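Please keep the 3D view open as you read.

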Amino acid sequence: MLCGRWRSRRRRAPPLPAQSSASVGSAPPAAPQDGGARRPGLRALKKMGLTEDEDVRAMLRGSRLCKIRSRTWQKERLYRLQEDGLTVWFQRRFPHAPSQHIFFVQHIEAVREGHQSEGLRRFGGAFAPARCLTIAFKGRRKNLDLAAPTAEEAQRWVRGLAKLRARLEAMSQRERLDHWIHSYLHRADSNQDSKMSFKEIKSLLRMVNVDMNDMYAYRLFKECDHSNNERLEGTEIEEFLRRLLKRPELEEIFHRYSGEDRVLSAPELLEFLEDQGEASATLAHAQQLIQTYELNETAKQHELMTLDGFMMYLLSPEGDALNPAHTCTFQDMDQPLAHYFISSSHNTYLTDSQIGGLSSTEAYVRAFAQGCRCVELDCWEGPGGEPVIYHGHTLTSKILFRDVVQAVRDHAFTLSPYPVILSLENHCGLEQQAVMACHLRTILGDMLVTQPLDSQNPEELPSPEQLKGRVLVKGKKLPAARNEDGRILSDREEDEDEEEEEERVEAEQKRQAKQIAPELSALAVYCCATRLQTLRPAPAPPQPFQVSSLSERKAKKLIREAGNSFVSHNTRQLTRVYPLGLRMNSANYSPQEMWNAGCQLVALNFQTPGYEMDLNAGRFLINGQCGYILKPACLRQPHTDFDPESPGPPRTTLTIQVLTAQQLPKLNAEKPSSIVDPLVRVEIHGVPMDCARKETNYVLNNGFNPHWGQTLQFQLRAPELVLVRFVVEDYDTTSPNDFVGQFTLPLSSLKQGYRHIHLLSKDGASLSPATIFVHIRVQHSRGPD
């Protein structure tokens, strides 16, 4: 029999970024001495099991690395791992705000060795590849190209960062929370004496985004000050943090199921899981959850779960709002390409606006890292017989076509094994088109699809599974050969009496024949670019290998005027939609409207963050983030009657109770008194009749643990197309609200019950440990008997 005397043993990992004022600006932070392991930060590294690691110890001492920006800008700078093990401090020529002197290990996308970036290939020739490394970041932050004094020092940073990233990836949400609060504790301890005065506690509270009443804060402080010396230390600090991190709403749920003994038995946990709507809930599953998430060994042995274990479970991927079964590739990948939404990029080469932005092969690498499967290449005549890529007739910089093809070869399949489509916008003459074809064949080799697959049905496109690891070219095709009676065949046969139309088609094909090199034409196997003049009537034979490219304006017109016909067209053939050329700043349009009509290749400017890219990331979040999402059945059936403009009556009710939020980020890290007034907005993106947004009230001066308890409800007509976007904003009475964080996912992947929403930044980076806690209910109405 267990009693209330046992204390849960909390597993703590190292704190998150801790920076004192001495650690920033022009003066580097002091390196830890031999006895430094007793300091809070190094204790954290010790818990990571990395204090004795030689690579990590070298990073803690710091290295003078050469930062390379151009042939003339190559400066030596000090880089040093901070004691938290999760931030790297770096020197700058002039002092900046503290947050401008660090980068976070969790924001690193990849670490590449040698001359494996555009910057180092162009400007790093003076340094041996073995001495060079590139740190690529998530979001829009530029790569960091570095050269170490020796090859061994470069390897220490490569290996050390790999170990730290692996440790961070393995951390639970509870450990991340522990890191987060201890990092701020370390920063609030102004004299670093490991004791906290009330003034320092008040500073801590402001740092973690809460403006607590002085009387209440002091009462809490004194309740923990058992030594009665106006200082908290050791266990007193831990007690204060436990009180600060209490989750009353979780305790209430836990006690509702646990009863008077304040522990959950396996049958009680099973009851909770069944109420959550867990379809696979069994007693064995409940027992397995206890063994996985309970921290107290005695409770584990008795198959009981404490409040701490319950919190661990609800903060884990299994307690997430996103169905964990949908995070791997779970959909049927053997259907024709036209049956999938395919993650697609517009003007992929740009890192900024389409007027004067920088073109870079790194933009392709970043797009592939975000799961993109269709990239655009704007090809123009270049000097020396070499085609270049840039936004024609603008001030954007130019990059070589062959360098982009090499980037495709090296990076296209690092995240996803499924096919990549190269969408060529070809402005080259015949000679350089032949050069393009040569580069595609020689650089890509067997990756490149150059002829139809042997086993492929000519009446439909091949599947993603059949095309694994292959690259398709979308481009113009030379006119079809003449048939037996000598007539040139157009895209589809016309009646013999339509001589005028035949003459027009023949003239158009002769014009095209002068513009397309046969070498390049031969590579357009499954993606032959054609202009969509009109939608074909239903009896017409399908043309599965033809791809139409439409501006957003034309696509919207087709949806509005011929919704069902457009949907039917997209069940057989690929359609690419791209932003209007008037969007000079590379702004995006909402992709949802195009997905509603079954358009597969909805191309967006990946370099421009905003709600449009949040929707794109949410759409392709599932299915292993492989860049292919199977369209709903109503968008795949050849004789579908679905029309996004007339989807029928409501079929589903979505009810979301917004309960609380936890550890929201400060928007102005340099201003302690700046505390957010958060509100939560839930947005529904789907067919026009489903689109809606509702929000909670705002909570004044509390980004640490705001409480709402408000219910938002939505009626949905086409739930299979719905994306749900959770947004947190900082309310402002006199100006537009400031963005705090968001998370977007398909309704079909949203789990019911009590769930945490793990927030992301504008660039899609994790804001861990920031979460929203909600209760979700999805009710499907019955059809007629």
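Contact here means heavy atoms within 4.5 Å. By that rule, histidine 339 touches Thr571, Ile629, Leu630, Lys631 and Arg636, leaving aside residues up to four places away in sequence. Histidine 339 sits in the loop between α13 (307-314) and β12 (340-345); helices (H or I, at least four residues) and strands (E, at least two) are DSSP runs, numbered from the N terminus. Because its relative accessibility is 13%, histidine 339 counts as buried (under 20% relative accessible area, with a 1.4 Å probe and protein chains only).

A word on the source: this is a predicted model, where local features need pLDDT of at least 70, side-chain atom pairs count only at pLDDT 80 or more, and totals for chains, interfaces and linings use all residues. Residues are numbered from 1 along each chain as its sequence is written, and side-chain values use heavy atoms, without hydrogens and water.

Next come the nonpolar cores, sets of buried Ala, Val, Leu, Ile, Met, Phe, Trp, Tyr and Cys residues joined through side-chain atoms within 4.5 Å.

| Core | Residues | Members include |
|---|---|---|
| Largest | 93 residues | Leu377, Leu440, Leu654, Val724 |
| Second, separate | 26 residues | Trp180, Ile181, Val208, Leu220 |

In the largest core, the four residues named touch the most other members. Leucine 440 touches, among others, Phe401, Val405 and Leu422, not counting residues up to four places away in sequence.

Finally, look at the helix pair: Leu220, Phe221, Glu223 and Cys224 in α7 meet Glu236, Glu239, Phe240 and Arg243 in α8.

Terms used
Buried < 20%, exposed > 50% of the residue type's maximum accessible area, 1.4 Å probe, protein only.
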